[in-house]
Amino acid sequence: MRTLTTPPNSPASPDAGLDAQRCYQAMADKDAAWDGLFFTGVTSTGIYCRPVCRVKLPRQANCRFFETAALAEAHGFRPCLRCRPELAPARRFWSTTDAQAVLAESAAQQLQSAIQQGLKPPSMTALAAQLGVSDRHLRRLFLRHWQVSPLQYLQTQRLLHAKQWLQDSPLSVAHVARASGFGSARRLYAAFAQHYQLSPGQVRTTNPPLRKATQTGTALVLPYRPPCQIATLWQFLRDRSLGGMESWEGQGPDAVLRRTVRWPLASQAISGWLEVRWDRTQAVVHLRVSASLDPVLPQVVAQVRDWLDLDAEPARIAQVIGRDFPEALGQRLPGCLDGFELAVRAILGQQISVKAARTLGQRLINTLGESCTTPWPDLNRTFPSPTTLAREENAARMGSLGLVRQRQKAIQALAREVESGHLDLSPQAQLEPTLQALMALPGIGPWTAHYIAMRVLRWTDAWPVQDVALQTALGVRQHPRPTQALEALGQAWRPCRSYALIAAWHRLAPQAEPSDHPEPHSHNAHTP
């Protein structure tokens, strides 16, 4: 079985594999830093739990430890109804040394991500082709690495996803079945009866949905692995917030963030709001989502987890960058809630300060944003849609807001590509094709494309060597070839260079405020 990474102050050591004594100690400590990194099957009950489960600690002789929920279920264990394994932070698998591990972990992440986002998972043939191997070879590697077949792994992800939304949402059983990939309620009932000896109705009755009054939306609790630099992440987002679509109540890490969202649904789009608050007593985030977003609730929650980087594994990141960036322990990589919105804001921020980019974004919201109803008067607009920004008549309006012609053309070209479906700016988009498609657009060069990929596609290894602020922070600005020096320096931090990038930027504050997107003219073939 593969390695467990050591969370800070935990009893295990890296690269030692699953050690029963160390895992048992983590259970005894209720250590949230281990949450999702292993599961405990209790032979006396037939139940498997998260390390943070609050039930009475079982005897060590009755415990078996598994790296994945799928492996626990393959050995006949059922998920605990109290700690709920489906709520554990997901794994972000990565490796830089073992090519077979890279393939097996990439395949697992693709399957897991598809279920979380409510998408149809790729077939093994399609997945193998994407990874550049035969489907037979991929199945063999998957079984060797995870000790379960891809089908078993996928079925566990579907079951746990369905269980979560039966308990945490007002969605109908039929809706949950479709969102979890079962296709029909009949298949969901059959799967629950076979694997859990329960019906979906019994699961929902045992733990009623966390639904309050209609006007308060759906209340959810999202766990994460500590430590977490909440104040740093909150300040990053607050510095870039736009009035009308984002509002804050309170200061520092205790502040509550509310914002509007627009979400595609079939051929239309629905809008609503969400509210986020960090819990200071336990490693969870409290989320409320408006009732209008119920049809896409699972997808919204998956996107929120990406936005706040709740599935990060701080200990594994620290193993890679911690020696050079000890202050970055628990740092999160800010994502986004809307890929198109982030891309437009990236273009707005080229070669200007964060404050100036925020000013342009605010003007865009005030002029072309779309109205949205929320319980808070100051939260009343959504970001302009691709359709709105693609219209020719809006080019002049953007010009009147202070956007130079170059940025007008870049935003409209981006909007047309997204509207037509030729450019996918979702977390499921493939990295290299998306980078190439972005850099083929006028006004978008390597820096902006990499920044978009880092925050939209969750690319943890972005490393924009053209960034003057990064060169300055890492002391290579005066080097005869700073880009080459920066490229060589970054090799030690792969595959976590995005985290090193954020940490390096933080070193500059408050001495200087770097531009979010310093796209140099000399590196952008599309810039006139």
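## Salt bridges and nonpolar cores in a predicted model

Glu 67, Arg 91, Glu 313 and Arg 316 are joined in a network of salt bridges, a salt bridge being a side-chain nitrogen of Lys or Arg within 4 Å of a carboxyl oxygen of Asp or Glu. The model is predicted, so local features need pLDDT of at least 70 and side-chain atom pairs count only at pLDDT 80 or more, while totals for chains, interfaces and linings use all residues. Residues are numbered from 1 along each chain as its sequence is written, and side-chain values use heavy atoms, with hydrogens and water left out.

The structure contains 23 salt bridges. The table lists some of them.

| Arg 50 | Asp 35 | 2.5 Å |

Helices (H or I, at least four residues) and strands (E, at least two) are DSSP runs, numbered from the N terminus. Arg 50 is buried at 7% relative accessibility, and Asp 35 is buried at 2%.

Arg 280 is in the loop between β8 (268–278) and β9 (284–289) and Asp 254 in the loop between β6 (246–249) and β7 (256–265), so the bridge ties together parts 26 residues apart in sequence. Asp 254 is partly exposed, with a relative accessible area of 46%.

The largest nonpolar core has 140 residues, and those with the most contacts inside it are Trp 278, Leu 308, Ile 321, Leu 389 and Leu 414. Such a core is a set of buried Ala, Val, Leu, Ile, Met, Phe, Trp, Tyr and Cys residues joined through side-chain atoms within 4.5 Å. Helix α22 (residues 497–508) supplies the largest share of this core, eight residues. Apart from this core lies another, of eight residues, among them Tyr 24, Ala 26, Trp 34 and Phe 65.

Leaving aside neighbours within four places in sequence, Leu 389 is in contact with residues including Phe 340, Leu 364, Met 398 and Ile 411, contact meaning heavy atoms within 4.5 Å.

Technical notes
Buried < 20%, exposed > 50% of the residue type's maximum accessible area, 1.4 Å probe, protein only.
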